[in-house]
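Dear colleague,

Please find below the structure that I am handing over to you. I would be grateful if you could read the notes that follow alongside it.

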Amino acid sequence: MAELILDVKDISKTFPGVRALDRVSFDLRKGEVHALVGENGAGKSTLMKILSGVYQPDGGTLTYKGKEVHFQSARESSEAGIGIIYQELNLVPHLTVAQNIYMGREPRTALGYLDDRKMNVDAAKILAELNVDISPAVRLNKLSISKQQMVEIAKALSKDSEVLIMDEPTSALTETEIDELFKVIHKLRSRGVGIIYISHRLEELKHIVDRITVFRDGRYISTTNYADITMEEIINKMVGRKLENMFPVRKNLPTQKKLLEVRHIVHGSILRDISFDLYEGEILGLSGLMGAGRSELARAIFGADPRDSGDIIRDGKKLDIRSPADAIRHGIAYLSENRKEEGLAVKMRIDQNVTMANLPEVSKRFGIISSAQELQATQNYVDELDIRTPSLVQVVNHLSGGNQQKVVVAKWLFRDSRILIFDEPTRGIDVGAKFAIYELIERLARKGVGVIVISSELPEILGMTDRVLVLHEGRLTATLRTKDTSQEEILNYAAGLGA
Ligand code: ADP
Ligand code: MG
């Protein structure tokens, strides 16, 4: 068995109001890739920041190459040979590749001048070792994100790093770029570098991982050889519950009361005469292949896209919806795939986000301090939607993705929205956070909100909704009762094949 290079024992770290790490352990051998997984907020990044000297632990020990260490700064850890590639890259865009690699350690000539030639030659050597085709003299901002990441790796290697930490390295990469990265990882492993690999894309781990450690809620759960554990077991450990319970139990049935009637919506050839109803307390799925017109339908109802004809009726009255502002006034909200577009001010506090009317048309109250009443309203939503936060005045940035999404929802509810359209609400987030969103949607339905969920994941549609609309090339090809349908039937309609 290869020698241990890093040994973490009983490390704890507390931030105001949050126990990010509670006596966790983790070890790393030379020449192994050790995956660290866990839901958002499990404490993975916090541990990595401790290993790289950015944070100091409150307790526990860190042994590196057989000696106990106390890194006081990122510099100390880096000089000791621990390299870290962050989610957000840490390079200087307008400098060259070589300048980035040797920043602060530039080679000099005998006379003390910068030795650009040597720097470029050395950089070229390292890049060649990694087998990547990047010129040392090119400016960083001319490179793709994946190439920039390779430069980060080259930089870590140039410092003779013996440990390399990769925190979600593939989140911004394409499939081919991921393959390239994996080749480099294999290469580093065979050179004896120990690699800590953090990712929420569990499927990709099988290509590179030797061992896997799971954290949950700041606690250490287990370490296993990757070959000895199934995907299902990993997920169970991460979320602390069984997969069969992936969807919350519905606690209400839709009422007979129509919240919204959509009639004969036409938008060029994108939406061709679409009609349906949405009931109070109903979860209605919107299924279809890419380009079927699902988001376009949502945007047409929300007034974000124009429509050529068709009516949107609420309580028997035709609504005059020409813009999102009109839709919002009539209680209709659209949560697009992109949270930032929805006006979540991530640098501001939860209460400010919920109560501040910060959409462009009503931005006048920006900056006003919350009154007691507003705090009370925020508290109600935090309770009602189960927003996990140490306080109402927490900055939204520090919340997990799922909780940020709840803040967006709270904001819409504060504005009296009764019809919520979620567009791919769980895309790109991990299993546990998905469950939280399903729970949120279930809670909304229980409150009598009508929810429309656009999703490409059929298990999600089947697990969550009361009825499903299926679109194919802009046409509504089926309206199905979820409990009477199947994945195959939905797919058939989505492909335009009929029943
Ligand atoms: P992960 O990387 O597994 O998603 P993190 O280590 O980022 O988890 O976060 C663990 C917990 O610590 C979360 O609840 C997070 O909100 C909290 N946290 C992380 N960094 C800070 C910070 N600088 N200030 C306050 N809380 C933080
Ligand atoms: Mg993280």
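This is a predicted model: local features need pLDDT of at least 70, side-chain atom pairs count only at pLDDT 80 or more; totals for chains, interfaces and linings use all residues.

Domains. The domain assignment divides the protein into domain 1, residues 4-239, and domain 2, residues 258-494. Taken over C-alpha atoms, the centres of domain 1 and domain 2 are 37 Å apart.

Ligand site. Ligand 1 has 13 residues around it, and those that come nearest are G41, K44, S45, T46 and H398. A polar backbone atom of A42 lies 3.1 Å from an oxygen atom of ligand 1. For G43, a backbone N or O atom is 2.9 Å from an oxygen atom of ligand 1, and a polar backbone atom of K44 is likewise 2.9 Å from an oxygen atom of the ligand. On its own, ligand 1 has 560 Å² of accessible area, of which the protein covers 75%.

A buried side chain. Q404 belongs to helix α13, residues 401-414. Its relative accessibility is 12%, so Q404 counts as buried, the limit being under 20%. A polar atom of the Q404 side chain lies 3.2 Å from the backbone oxygen of V396.

Aromatic pairs. The count of aromatic pairs comes to five. One of them joins F15 and Y55 edge-to-face, with 5.2 Å from centre to centre and 70° between the planes. This pair links distant parts of the chain, 40 residues apart: F15 is in strand β1 (residues 4-15), and Y55 is in the loop between α1 and β4 (59-64). F15 is partly exposed, with a relative accessible area of 26%, and Y55 is also partly exposed, at 25%.

The rings of F247 and Y438 form a tilted pair, because their planes stand at 40°, with the centres 4.8 Å apart. F247 lies in the loop between α8 (231-239) and β11 (258-267), and Y438 lies in helix α14 (residues 431-446), so this pair ties together parts that are 191 residues apart in sequence. F247 counts as partly exposed at 24% relative accessibility, whereas Y438 counts as buried at 3%. Finally, ring pairs link F302, Y334 and W412 into a cluster.

With kind regards

Definitions and conventions: Residues are numbered from 1 along each chain as its sequence is written. Chains are lettered from A and ligands numbered from 1 in the order in which they are written. Side-chain values use heavy atoms; hydrogens and water are left out. Domain bounds come from an automatic or database domain assignment. A residue is near a molecule or strand if one of its heavy atoms lies within 4 Å of it. A polar contact is a pair of N or O atoms within 3.5 Å; within protein, one must be able to donate a hydrogen and the other to accept it, and residues adjacent in sequence count only if both atoms are side-chain atoms. Accessible areas come from the Shrake-Rupley method with a 1.4 Å probe; for residues, only the protein chains shown count as cover. Helices (H or I, at least four residues) and strands (E, at least two) are DSSP runs, numbered from the N terminus. Buried means under 20% relative accessible area, exposed over 50%, partly exposed in between (1.4 Å probe, protein chains only). Rings of Phe, Tyr and Trp (its six-membered ring) pair if their centres lie within 6.5 Å; planes under 30 degrees apart count as stacked, over 60 as edge-to-face and the rest as tilted.
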